[in-house]
Amino acid sequence: MLLRQYKGFLIAMLANGFLSLALTELNHHLAGWSITLLIPAIFVLYAGLTLDYLQGLTVCLLTGLFHDAALPVPEGFFTLTLPTLHLAFHHFRSKLHKKGGLGTILLAQTLNLGTLILLHISLSSGLTESIVRHLPLILLQLFLSQLLLFLIGLYFLDIQRKAVTLTRARFVEAKGRST
């Protein structure tokens with residue numbers, strides 16, 4: 001009974017964990033070219049559009065804590081930004097299409113770009129050289145991160161929704177057999 005109440009939360013946490021693992025592996029292979037792809041908005045899509053506010057906020061806080069521990073970012077950056085992104089998605093979810101769509105991906109693109117620009121500004125304060133020297137690499141990372149979000153954003157959201165549908169079907173099946 002308790003599992004049914006929190007299955008969306010559990011699916012969101014598992015999916016975020018698997019995506020974090022895949023993204024870490026991709027960044028490991030891109031490290032030779034000094035490229036790091038970050039797509040924080042994708043970790044908030046399902047939680048902000050589908051879960052209730054408190055469960056989605058918990059998913060975002062836990063995912064943010066995991067990212068802060070695993071990535072070389074300022075302390076608490078993702079712990080603060082992922083719940084903020086969740087708040088934006090939760091606020092606009094009544095205006096977005098239920099299954100995703102162009103409005104959803106454009107909102108995700110905008111919020112992701114804003115978060116990455118904020119991250120690069122906070123990281124550039126520690127540089128000893130001018131940021132102009134690093135600008136081409138920063139722009140390449142922004143472009144590749146936005147492209148990756150565009151390519152897999154709605155697909156990742158759809159996988160999480162289908163996982164919830166599959167678990168719901170199994171619970172109904174299990175109920176039918178017991179009666």
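**Figure 1. The second largest pocket takes the largest share of its lining from helix H7****.** In this predicted model, H7 supplies six residues of that lining. Both H2 and H7 contribute at least two residues each. Ten residues line the pocket in total, and Ile11, Leu14, Ile159, Ala163 and Thr167 are the ones nearest its centre. Sorted by class, the lining holds seven nonpolar residues, two polar residues and one charged residue. The space inside the second largest pocket comes to about 160 Å³.

**Figure 2. The largest pocket holds about 530 Å³ of space****.** Its lining is made up of 21 residues. Nearest the centre of the largest pocket lie Thr36, Pro72, His120, Leu123 and Gln141. Three helices each give at least two residues to this lining: H2 (7-30), H6 (102-124) and H7 (131-178). The lining of the largest pocket contains 13 nonpolar and eight polar residues, and no charged ones.

**Figure 3. One cavity of 30 Å³ or more is found in a search of the whole structure****.** The largest cavity has a volume of about 110 Å³. H2 and H4 are the elements that give two or more residues to its lining. H2 gives the most, with four residues. Of the 13 lining residues, Leu23, Thr24, Leu38, His67 and Leu71 lie nearest the centre of the largest cavity. By class, nine residues of the lining are nonpolar, four are polar and none is charged.

**Figure 4. Helix H4 runs from residue 53 to residue 70****.**

Figure 5. Leu26 and Leu37 are eleven residues apart in sequence, and their C-alpha atoms are 8.1 Å apart in space. Is Leu26 buried, exposed or partly exposed? Leu26 counts as partly exposed because its relative accessibility is 33%, between the limits of 20% for buried and 50% for exposed.

**Figure 6. Phe77 and Phe78 form an aromatic pair****.** A search of the whole structure finds one such pair. In general, two aromatic rings are described by the distance of their centres and the angle of their planes. For Phe77 and Phe78, the centres are 5.3 Å apart and the planes are at 80 degrees. The pair is therefore edge-to-face, as the angle is over 60 degrees. Phe77 counts as buried because its relative accessibility is 9%. Phe78 is buried too, with a relative accessible area of 1%. Both values fall under the 20% limit for a buried residue.

Notes:
Residues numbered from 1 in each chain as written. Predicted model: local features only at pLDDT ≥ 70, side-chain atom pairs only at ≥ 80, totals over all residues. Heavy atoms only, no water. 1 Å grid on protein atoms, 1.4 Å probe; cavity = no way out; pocket = protein on both sides within 12 Å on 5 of 7 lines; lining within 4 Å. Points joined across faces, edges and corners; volume = space filled by probe spheres on them. Nonpolar A, V, L, I, M, F, W, Y, C, P; charged D, E, K, R; others polar. Expected span 1.5 Å × (residues − 1). Buried < 20%, exposed > 50% of the residue type's maximum accessible area, 1.4 Å probe, protein only. Phe/Tyr/Trp six-rings, centres within 6.5 Å; stacked < 30°, edge-to-face > 60°.
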